[in-house]
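Hi,

Here is the structure I promised to pass on.

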Amino acid sequence: MSAPTHAVDADPLTCQDVRPPLTDARRAELLDSLNDAVRHPELFGGPAAVVDLLDTLAAADPDGEGDTAWIPDTNSRTVTTLLRGCFGEADPPLVASQYGEDAHRRGWLRLDRALGAEELDQLLDRVLDWSEDRRQLPEVIAEFGDPSVVYGDPAPDAPKTFSYTGEHRDAPIAAFHFGAHGVLYAVRIGESPIGDWALTPAGRKLFAV
């Protein structure tokens with residue numbers, strides 16, 4: 001009689017879905033697509049397309065942490081979560097800015113303009129008090145210059161979000177959320193709901209509804 005056989009437990013490390021590293025060409029292609037899609041998610045199938053690109057890059061990133069922090073959690077206490085759904089047509093670029101900020105922290109976002117450290121510090125020191133009055137998009141550009149990234153339709157009257165930040169991935173980020181016709185609704189610095197954001201009079205009307 002042959003000796004009984006015993007099942008051998010599989011090594012869980014060998015059963016993980018480990019994706020091979022991306023080639024340089026494929027990674028560059030994905031970064032191109034991500035930077036286009038996060039600025040104009042409506043042209044790429046919506047926010048889900050941005051998440052798919054982030055997932056693909058993260059899965060093949062040898063320095064990544066394997067998390068999915070960029071997926072907006074409607075139960076989390078962040079400024080973006082509090083504002084989502086308040087500003088109507090301005091909501092999609094608001095959500096896109098959250099994806100873009102996470103991409104910047106991973107070194108994947110290509111900035112249109114990187115602010116120097118002194119310029120960024122001055123903006124951060126002033127912007128919350130400055131934005132408590134009624135403000136329009138041309139005033140923001142006149143006061144702080146061109147943004148680092150524009151999320152949404154770049155047409156002047158279309159809802160959008162401006163982000164201002166520095167080149168380093170750990171640099172703070174200030175986001176300006178505009179409604180139609182360039183009306184500024186809100187400004188936030190990062191995602192802390194305690195103190196680091198402000199609503200304009202137009203934004204307060206919508207936020208209170």
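Before the helices, a quick word on terms: the axes below are lines fitted to C-alpha atoms, for helices over the stretch in contact, and the angles run from 0 to 180 degrees between N-to-C directions. Also keep in mind that this is a predicted model.

With that in hand, take helix α5 (residues 117–130) and helix α6 (residues 137–144): they pack at an angle of about 145°, and their axes are 11 Å apart. The crossing of α5 past α6 is right-handed. On the α5 side the contact is made by E119, L123, R126, V127 and W130, and α6 brings E139, V140, E143 and F144. By type, that contact splits into five nonpolar residues and four charged ones, with no polar residues.

Next, the strands. Strand β3 (residues 173–178) has six of its six residues buried, so the rest of the structure largely encloses it. Both of its faces are covered, with I173, A175 and H177 buried on one side and A174, F176 and F178 buried on the other.

What does β3 pair with? One partner is strand β2 (residues 160–165), which runs antiparallel to β3 and is joined to it by six bridges. Within that pairing, K160 stands opposite F178. Another partner is strand β4 (residues 184–189), also antiparallel to β3, over five bridges. There, F176 has V187 as its bridge partner. β3 and β4 make a hairpin with five residues between them, and H181 in the turn has a positive phi of about 65°.

The structure holds six aromatic pairs. One of them is F144 with Y164: the ring centres are 6.4 Å apart and the planes sit at 65°, so this pair is edge-to-face. Because F144 lies in helix α6 and Y164 in strand β2, the pair ties together parts that are 20 residues apart in sequence. Both residues, F144 and Y164, are buried.

F162 and F178 also pair up, with centres 5.0 Å apart and planes at 70°, so they count as edge-to-face. This pair links distant parts of the chain, F162 in strand β2 and F178 in strand β3, 16 residues apart. F162 and F178 are both buried.

So which residues do the ring pairs link into a cluster? They are W130, F144, F162, Y164, F176 and F178.

Cheers

Note on methods: Residues numbered from 1 in each chain as written. Predicted model: local features only at pLDDT ≥ 70, side-chain atom pairs only at ≥ 80, totals over all residues. Heavy atoms only, no water. Helix = DSSP H or I, 4+ residues; strand = E, 2+ residues; numbered from the N terminus. Left-handed = near helix turned anticlockwise from the far one by under 90°. Contact = heavy atoms within 4.5 Å. Nonpolar A, V, L, I, M, F, W, Y, C, P; charged D, E, K, R; others polar. Buried < 20%, exposed > 50% of the residue type's maximum accessible area, 1.4 Å probe, protein only. Pairing = 2+ DSSP bridges. Phe/Tyr/Trp six-rings, centres within 6.5 Å; stacked < 30°, edge-to-face > 60°.
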